[in-house]
Amino acid sequence: MKLIRVFLLVGAVFLSVQSAQAQLGISYHQSGLPFAGIQYNFQEVPLMAELRLSTDIDFDNIAPEVVATYSFVNQSQHEVYGGVGLRVNTIPGLVVPIGLRVYPLENFSNLGLHTEIAPIITTEDNWEHILRGSWGFHYIFGRNSN
């Protein structure tokens, strides 16, 4: 439980950093291991950091996940990204997300759809590997169309 508090504190500090060249966002991913996230997008470089929390479970089993991704393709209508992260509590381990974001609504470019595949390499004794696929939506506050 102490490790979860540390991750939540780090996430809160991370999100409290004020920068004129960054954007905050929220996301939801539907899958067998669904989660919601709070994103911090850097505009100078195509990087995004995200604090993710599992959903559809009781509070004792919430699994925080901290992920950093890089947008390999960063266009106004779509993005392709990949990254690495760490997951704790339920199914702890290394997370390697690879995904696609699309912005289908020209007049409402803050709202996007995404799909992601993420291998999770657990640190449990049996070292099992999980392949999590998800889809969902995200909203970027103050996103400008390119």
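Colleague: Which strand does His78 lie in?

Modeller: His78 lies in strand E5, residues 78-87. The model is a predicted one.

Colleague: Why is His78 called partly exposed?

Modeller: The relative accessible area of His78 is 31%. Buried means under 20% and exposed means over 50%, so a residue at 31% is partly exposed.

Colleague: What does His78 touch, apart from residues up to four places away in sequence?

Modeller: His78 touches Val73, Leu100, Arg101, Val102 and Tyr103. The C-alpha atoms of His78 and Leu100 are separated by 7.2 Å, and these two residues are 22 apart along the chain.

Colleague: How do you know that E5 and E7 pair?

Modeller: Five bridges join E5 to strand E7, residues 98-102, and the two run antiparallel. Pairing needs at least two bridges, so five bridges make E5 and E7 a pair. Within it, Tyr81 stands opposite Gly99 in E7.

Colleague: What makes E4 and E5 a pair?

Modeller: Nine bridges join strand E4, residues 64-74, to E5, again antiparallel. The requirement is at least two bridges, so E4 and E5 count as paired. Thr69 stands opposite Gly83 in E5. A hairpin through three residues joins E4 to E5.

Colleague: How many bridges join E5 to strand E6?

Modeller: Three bridges join E5 to E6, residues 93-95, and these strands also run antiparallel. With at least two bridges required, the three between E5 and E6 therefore make a pair. Gly85 stands opposite Val95 in E6.

Colleague: Which residue in the hairpin of E5 and E6 takes a positive phi?

Modeller: Asn89 does, with phi near 75°, in a hairpin that has five residues between the strands. Ile91 lies in the loop between E5 and E6, and its phi is near 50°, a positive value in a residue other than glycine.

Colleague: Why is Ile91 called partly exposed?

Modeller: Ile91 is at 23% relative accessibility. Buried means under 20% and exposed means over 50%, so Ile91 falls in between and counts as partly exposed.

Colleague: Where does Asp56 lie, and is Asp56 buried or exposed?

Modeller: Asp56 lies in the loop between E3 and E4. At 63% relative accessibility, Asp56 counts as exposed, because exposed means over 50%. Asp56 has a positive phi of about 60° although it is not a glycine.

Colleague: Why does Arg52 count as buried?

Modeller: Arg52 is found in strand E3, residues 47-54, and has 1% relative accessibility. Buried means under 20%, so Arg52 is buried.

Colleague: How do you know that the side chains of Arg52 and Glu116 make a polar contact?

Modeller: The contact joining the side chains of Arg52 and Glu116 is 2.9 Å. Leaving aside neighbours within four places in sequence, Arg52 is in contact with residues including His29, Phe35, Pro97, Glu116 and Arg132.

Colleague: What makes His138 a buried residue?

Modeller: His138, in strand E9, residues 129-140, has a relative accessible area of 0%. That is under 20%, so His138 is buried.

Colleague: Which side chains make polar contacts with the side chain of His138?

Modeller: A polar contact of 3.3 Å joins the side chains of His138 and Tyr103. A polar contact of 3.2 Å joins those of His138 and His114. Beyond four places in sequence, the residues in contact with His138 include Ile26, Ser27, Gln39, Arg101 and Asn110.

Colleague: How many cavities of 30 Å³ or more are counted?

Modeller: The count comes to one. The largest cavity has a volume of about 40 Å³.

Colleague: Which residues line the largest cavity?

Modeller: The lining is made up of Ser27, His29, Gln39, Met48, Glu50, Arg52, Tyr81, Arg101, His114, Glu116 and His138. Strand E1 (22-30), E3 and strand E8 (111-122) each supply at least two lining residues. The largest share, three residues, comes from E3.

Colleague: What classes of residue make up the lining of the largest cavity?

Modeller: By class, the lining has two nonpolar, five polar and four charged residues.

Terms used: Residues are numbered from 1 along each chain as its sequence is written. This is a predicted model: local features need pLDDT of at least 70, side-chain atom pairs count only at pLDDT 80 or more; totals for chains, interfaces and linings use all residues. Side-chain values use heavy atoms; hydrogens and water are left out. Helices (H or I, at least four residues) and strands (E, at least two) are DSSP runs, numbered from the N terminus. Buried means under 20% relative accessible area, exposed over 50%, partly exposed in between (1.4 Å probe, protein chains only). A polar contact is a pair of N or O atoms within 3.5 Å; within protein, one must be able to donate a hydrogen and the other to accept it, and residues adjacent in sequence count only if both atoms are side-chain atoms. Contact means heavy atoms within 4.5 Å. On a 1 Å grid over the protein atoms alone, a cavity is a set of points where a 1.4 Å probe fits but cannot get out, and a pocket is an open set with protein on both sides within 12 Å along at least five of seven lines; lining residues have an atom within 4 Å of a point. Grid points are joined across faces, edges and corners, and a volume is the space filled by probe spheres set on the points. Ala, Val, Leu, Ile, Met, Phe, Trp, Tyr, Cys and Pro count as nonpolar, Asp, Glu, Lys and Arg as charged, and the others, Gly among them, as polar.
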